[in-house]
Amino acid sequence: MNIKPSADRVLVKPAPAEEKTVGGIIIPDSAKEKPLQGEVIATGNGTKDEEMVVKEGDTVLYGKYSGTEVEFDGVKYLIMRQSDILAVLK
């Protein structure tokens, strides 16, 4: 991975959206709910005021409108501040 987030930022790969059908009708991508969990791919070093507590490989929950979408090598990621992460799943 050639992306290294700065300071208190985290690079997250969102979990794939669930494929749902309603009575045999496939819901288009634009109508699907965005996933609210993902895997931490890379982290920054933190700041002097905020230690980095998440680590690579953690599965995290984040807010619906958290982060900025980026695409790298055809894969979509989110870059967000550590404070946008709501919980780490065990």
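User: How do you know what share of the 90 residues in the chain is buried?

Analyst: Buried residues make up 27% of the 90 residues in the chain. A residue is called buried when its relative accessible area is under 20%, exposed when over 50%, and partly exposed in between, using a 1.4 Å probe and protein chains only. Do keep in mind that this is a predicted model, where local features need pLDDT of at least 70 and side-chain atom pairs count only at pLDDT 80 or more, while totals for chains, interfaces and linings use all residues. Residues are numbered from 1 along each chain as its sequence is written, and side-chain values use heavy atoms, with hydrogens and water left out.

User: Why is Asp58 called buried?

Analyst: Its relative accessibility is 11%. The cut-off for buried is under 20%, so Asp58 counts as buried.

User: Where is Asp58 found, and which residues does Asp58 touch?

Analyst: Asp58 is in the loop between strand 4 (37-43) and strand 5 (59-62). Leaving aside residues up to four places away in sequence, Asp58 touches Gly38, Glu39, Val40 and Val88. A contact here means heavy atoms within 4.5 Å.

User: What makes the pair Lys55 and Asp58 a polar contact?

Analyst: A polar atom of the Asp58 side chain lies 3.0 Å from the backbone nitrogen of Lys55. The definition asks for a pair of N or O atoms within 3.5 Å; within protein, one must be able to donate a hydrogen and the other to accept it, and residues adjacent in sequence count only if both atoms are side-chain atoms.

User: How many helices and strands does the chain have?

Analyst: There are 0 helices and 8 strands. Helices are DSSP runs of H or I with at least four residues, strands are runs of E with at least two, and both are numbered from the N terminus.

User: How do you know that strand 1 pairs with strand 7 and with strand 4?

Analyst: Two strands pair if DSSP finds at least two bridges between them. Strand 1 (residues 9-14) is joined to strand 7 (residues 75-81) by 4 bridges, and to strand 4 by 5 bridges; therefore both meet the requirement of at least two. Val12 has Leu78 as its bridge partner in strand 7 and Val40 as its bridge partner in strand 4.

User: Why do strand 6 and strand 8 stand at the edges?

Analyst: 6 strands form an open antiparallel sheet in the order 6-7-1-4-5-8. Strand 6 (68-72) and strand 8 (85-89) each have a single partner strand, so one side of each is left without a neighbour in the sheet.
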